[in-house]
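Here's a model to walk through together.

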Amino acid sequence: MVNPKSAYSIPTKKGKSDTHIIVVWVDNEAGVLARVVGLFSGRGYNIESLAVAEVDATKNISRITIVTTGTPQVIDQIKLQLKKLVPVHKVADFKREDKKVIFKEMALLKVVGNKKKIDKCLRACKNFNPVILDKTKLSIVIQITALRREIDKMSKKLKPLGLSSTSRTGAIAMTRGAEVFK
Amino acid sequence: MSKLYTGAEIVFKCLEDQNVDFIFGYPGGAVLPIYDELKNHSSIKHILVRHEQGAGHAAEGYARSSGKPGVVLVTSGPGATNVVTALTDAYMDSVPLVCISGQVPTHLIGTDAFQECDTTGITRPCTKHNWLVKDIKDLSKTLHEAFRVATTGRPGPVLVDIPKDIQFAKINYSKPKKEKKSNGKMNNKFSQSEISQLINLIAQAKKPVIYTGGGVINSGPKASDTLREFVRLVGFPITSTLQGLGAFPGDDNQFIGMLGMHGTYEANNAMHDCDLLINIGARFDDRITGKIDEFSPRSKKIHIDIDPSSINKIIKVDLAIVGDVNEVLKAIIKKINDKKNGLKQSNKQNISKWWEQIQKWRTKNSLGFINSDKTIKPQHAVKRLYELTKNQDTFITTEVGQHQMWAAQHYKFNKPNRWMTSGGLGTMGYGLPAAVGVQIAHPDKLVIDIAGEASVLMTMQEMSTAVQYNLPIKIFVLNNQYMGMVRQWQELLHEKNYSESYSEALPDFVKLAEAYGCKGIKANNPNELDIKIKEMIDHNGPVIFDCQVDPNENCFPMIPSGKPHNQMILGPSDKKENKITGKGKALV
């Protein structure tokens, strides 16, 4: 073993990392997103995507959906640390593989090219609820909703067909069935 | 229609309703309306510091010695940034502080106005919560909420940023609502089955150890009484972290000394070899655990803590009980006394062999050192200070470094709230302003800052505060001309390359004391030490005591970098010293 020459202990073996979707209900007030995001950056947790908007205007509640990866221990810490924040009401945590939960992300794709290429693009998107938001002779803006990795795949696939711009929302989540997370 | 108050008046009305007696602060442009209002509130005394960091640490000292939240008042910009170190320190050591900062008027926020800074942005990661009050309607509610957040659950610092126009604006004042006992951020919902599980583990243990921390102190003086009752009831050995000292009497036979990097041989070995580890209000800090993989490998671990995020953060535990230490301990004692869990009167017989083992470790006398009749050994100085002050109720603060560890090792505390030290953040310059705060809270008690000459120079200006308010604090400087702990690490880990750890120029501390208008005492050799310490204690006023100690002394025992508890380096008085030093050298 190399002598670490440090007042701190050497890093220990890391466990297996999983992707989790963390949903946080917060008071919609100034600085609340900075608190949540600052907690992640300050403690060295990573954020793959982030989606946030007010969901209850009367109660002033915003819902933040964060996709993150970490060992079970890190995910536990993320949840516990989030719960300590004063404006946080509740925290839910779903594994990406969880069948009881719907994950969706929306993307806007702008394709610039001739009709042939545009039609090809539309065909490629057909499994992901494509909506044509704008169309000109030379371009099209398509809205699709899909899983994160499906959109990743689509981006790659459409690149050679003239995809010139992508805008994505970050994943959002909802449990299936009548159950509501408390 | 009810009377209208200005924001500044509301600040004081809130402070009065929160029973605040003292605020530590420093005026400036953006808090002038609040300072203007000060004269109308005779029940609140303002302590003028010389630097805002000093205000923060003084408020910490006040809070930790009194159990009440410390209140700090600073101006915008540099006032707020100067207090950041103290807020971070309080956050790491869970000290309740309420910091009120002035801010530029709301219409100037974001324009890079004079003395503007993003105070809530800067302090967000070093407070439990903070608020920027943009509407006078929110002011009283926010201030009362600030006190609630600071003092409930795991305590900590909060900050309320009040723009100057809000301080002038007028509104009605509403008294704080009676607090509901249960709220979302309080965690005191442990179950009886958890208590039963704990008692079962206690009943089975053959080699148990209790490891207590600052949470016991934060749970209030009653928690220390309850802890003593619990420890006597089960007869287990007890060790404590740096922050927990005083919760259990330091001179009691069941107390096996502080644990961790500079803890005793018996405490660290007990932690390593135990079969049951009961953590009460401590957080498995890295100065405690050493190498995580080899931390207490054969034990069942129980963790009692009010903060759920402390549990399983560093060390996986077998049983977690989230709750206030005093409440949990009371529940345990009650259940043991009910004898419903098969735990007989005591299992002291079960653990008699364990005690024998601990006695064997004790004979190592790991805190031993080779005394000298020519130079003052720093350990000897702390021991003499203890012997000469133990008959009165003494409050000790420290700076950070070797002197801090020697103080923790050789000064025995018998009561909680008597020991104020910066453990988590390790802030050099903490002790002197903290002593100011302690003396404010306890004007008739003996307050000593055991200091190092390097640390104390970082906040030396607060001597002026002590003189202004006639606070008879004693600054006991163990002067070795080195940043001793830095020098020790350089000796052990960096081939004695003492890079920048020697202070080539130091002030004459006696003259410095005189310049501040207080008394300076200097001790050069062991023969005069006792007389001079007595002179210091007897002097009715602030004293700077320059204790010239052996500059080459190292702090032992010590767990070196990345090592588990059972691989300590012992001091030079140990007979196997040569072998261990040889091995120790190979390690570094």
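α16(B) passes α23(B) in a right-handed crossing, where right-handed means that the near helix is turned clockwise from the far one by less than a right angle, and left-handed anticlockwise. Helices here are DSSP runs of H or I with at least four residues, strands are E runs of at least two, and both are numbered from the N terminus. This is a predicted model, with local features needing pLDDT of at least 70, side-chain atom pairs counting only at pLDDT 80 or more, and totals for chains, interfaces and linings using all residues. Residues are numbered from 1 along each chain as its sequence is written, while chains are lettered from A and ligands numbered from 1 in the order in which they are written.

Back to that helix pair: the axes of α16(B) and α23 (residues 526-538) of chain B come within 10 Å and cross at roughly 45°. Axes are lines fitted to C-alpha atoms, for helices over the stretch in contact, with angles from 0 to 180 degrees between N-to-C directions. α16(B) and α23(B) are therefore oblique to each other, oblique being what remains once angles under 35 degrees (roughly parallel), over 145 (roughly antiparallel) and 65 to 115 (roughly perpendicular) are taken out.

Six strands of chain B make an open, parallel sheet, ordered β16-β15-β17-β18-β20-β19, and strands pair if DSSP finds at least two bridges between them. At the edges, β16 (419-420) and β19 (519-523) of chain B each have a single partner strand, so one side of each lacks a neighbour in the sheet. β18 (residues 474-479) and β20 (residues 543-548) of chain B pair over six bridges, and Phe476(B) stands opposite Phe545(B) in β20(B). Helix α16 (residues 378-389) of chain B turns up again here, packing on the sheet at about 155° to β18(B). α17 (residues 402-410) of chain B lies across β15, β17 and β18 of chain B, at about 135° to β17(B).

Finally, where do the chains meet? The contact takes 22 residues from chain A and 22 residues from chain B. On the side of chain A, α2(A) gives the largest share, six residues.

Note on methods:
Contact = placed C-beta atoms within 7 Å.
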